[in-house]
Amino acid sequence: MLGFDIASIQMISVFLIIAGTLYLYATDKLPLEVTSFAVICVLLVLFYVMPVPDGAGGNKLNAKNLLSGFANPALLTVLALLVLGEGLARTGVLDGVAVMVHSVSKGRPALSIVVALLVVVVISALLNNIPVVVIFVPIMQALAIKIGKSSSRYMMSLSFAAILGGMTTLIGSSTNLLVSSALIKLGEEGFSFFSFTVPGLVVAGAGLIYVLFVMPRILPDRDGYDSNGNNAASAGGKHFQAQIKVGEGSKLAGVQSVSGFFPDLEGVNVLTLMRGEEKLLPPYDDIIITEGDILIVSAARDKLGDFISLEPELLLPDLANAAAYRKEEIASAWRKGEQVLTECMVKPNSSYVGKSLKQIGFRYRNHATVIGIERRSNMRRDRVTETPLEAGDVLLVQGGREEIDKLRTSKDIILMEWSESDVTRPHNAKRAIGIFFAVVGCAGFGILPTEVAALSGAALMILFGALTLEQAVKSLDLQIILLIAAALALGVSMEATGGAAFMSHLLVVALGDAAPSIVLSGFFLLVACLANMLSTKATAVLFTPIAVSIAHEIGVPAEAFAVAVVFAANCSFASPVGYQTNLLVMAPGHYKFIDFIKYGSPLILICWAAFSLFAPFWYGL
């Protein structure tokens, strides 16, 4: 029985704070970062007023200990991994993986969905799940359209595949790193890179059978509709008319038409092909694109962005017309600093109306290049640089950050602030890949501690130009920083006040004289259920000290129970708020909250059963 001494009051206070925190996290009544910051402040005040003696006249829960989460190696490692992932995304490395998956889909789109999900599993074992899912959402949508299915059949599978992949290595999920760090703070041995890879593969493998072969059959076939009642899955994006100059050595040279079109130019509609003085119009019969050709095309913004990233000379006249020895010099000018792609609308009273880009001298006046033009009326099949502009035309513009910012003061165009996006840097892709695999190699083979390897890799990403310092800072998520710091502070408080030992004792008493394997199984299921009510990170940090206490109380090594926390906390399948990737796929999959409960709950049970059967054998319980 609990008495009413100061120690009991402290422990009860921590439990009440935890309950309030879980309620606010689950209901989202306050922004997550506000709740996390408030929790830290409440703990600081509480244990300043009611200190926990450390036996040497000090306070176990002083400000230094409660705020130590901000300097925790696990938190710094998570932030470094976010920077590494951002570097891979901005150099187009993940886009290259997407292209590979698309190439597999030719003629076999159903098989390519399985391949895409398997690729997601592998990448998620080595990289933060969020950028992986962001990249693969449009891929899965495109593949779903090819086989005549709604994207709702596959979006949830995408998120779950990423989560399962993250269970297999130490850096596969920030949750794994947090558990390892919490173990070290509790005086236990932390995880190595591959500590739980074998049981992780067993649990993830069992879950993948359900994700790959059952979920696509039972998920709802739910199409989305826009505000006008049009099918959102089939609605096309805004298309810009652009002018492409095929220069020497271009990858477009040699592309051949088939049945009047250019199938290799997926997503690009060739309106006119100009060859010298000759103007060729569709349909194109047995036409092969050659060096020197000028293509007038219509394409979505993202497709033109791919051209800018992979072969910038196609859309930048100076590059296409430059001599070979100057081409790289000019290209480097377009790679300096942070290159931005944005949209600008021509004002009704603009001096640009009735004039072409060449007459305006847009590039020399604004030090930025118009990549394409979009207008409501039909565009002419002429050179974009010679097309007279009209009021309301939308210009797709590329330039440096400073040059784009100056367009805000223009009297002739309106800068559409929401449309800005950064241009990827594929010329640094090899460096980014090299840095990433060096980090994985050093951490995986124990050459460097994981946090040292990750932080060094993040610094090298910036040093070698894979991303700018500003982009690296933007990739750091304030929610993650405050959430981890608050969760670690709660974990320390629960341990110091005896709350962890008390909860572990209650669980052991509830299970009676059950075998360690039964206790482990029950503990896994409890943590998995709570992981779907709050964030996986908070669950992991809060239950790691409880896991260690239970293991000590029943006299078994703590590793099995710590691994149970890793896997169970990652089992955030039955709620969209459990993990961020679930929220990312909610809109494109047209899901409701209840969908995650209906289709995610069986996966939790599968992972629980696989772990409960394999873990006792693997850990000798």
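## Overall composition

Of the 621 residues in the chain, 54% are buried. The model described here is predicted. Its secondary structure consists of 27 helices and eight strands.

Contacts across the chain can be sorted by how far apart the two residues stand in the sequence.

## Cysteines without disulfides

A disulfide is a covalent bond between the sulfur atoms of two cysteines. The structure contains zero disulfides.

Cys529 illustrates this result. The closest cysteine sulfur to that of Cys529 belongs to Cys571 and lies 9.8 Å away. A disulfide requires the two sulfur atoms to be within 2.5 Å, so the sulfur of Cys529 is too far from that of Cys571 for a bond. Cys529 is partly exposed, with a relative accessibility of 40%. Another cysteine, Cys41, is also partly exposed, and its relative accessibility is 32%.

## A loop residue with positive phi

Most residues other than glycine have a negative phi. Asp286 has a positive phi, near 55°, although the residue is not glycine.

Where in the chain does Asp286 lie? Asp286 is found in the loop that runs between strand E3 (278-280) and strand E4 (294-300). Is Asp286 buried or exposed? With a relative accessible area of 67%, Asp286 is exposed, because a residue counts as exposed when this value is over 50%.

Note on methods
Residues numbered from 1 in each chain as written. Predicted model: local features only at pLDDT ≥ 70, side-chain atom pairs only at ≥ 80, totals over all residues. Heavy atoms only, no water. Helix = DSSP H or I, 4+ residues; strand = E, 2+ residues; numbered from the N terminus. Buried < 20%, exposed > 50% of the residue type's maximum accessible area, 1.4 Å probe, protein only.
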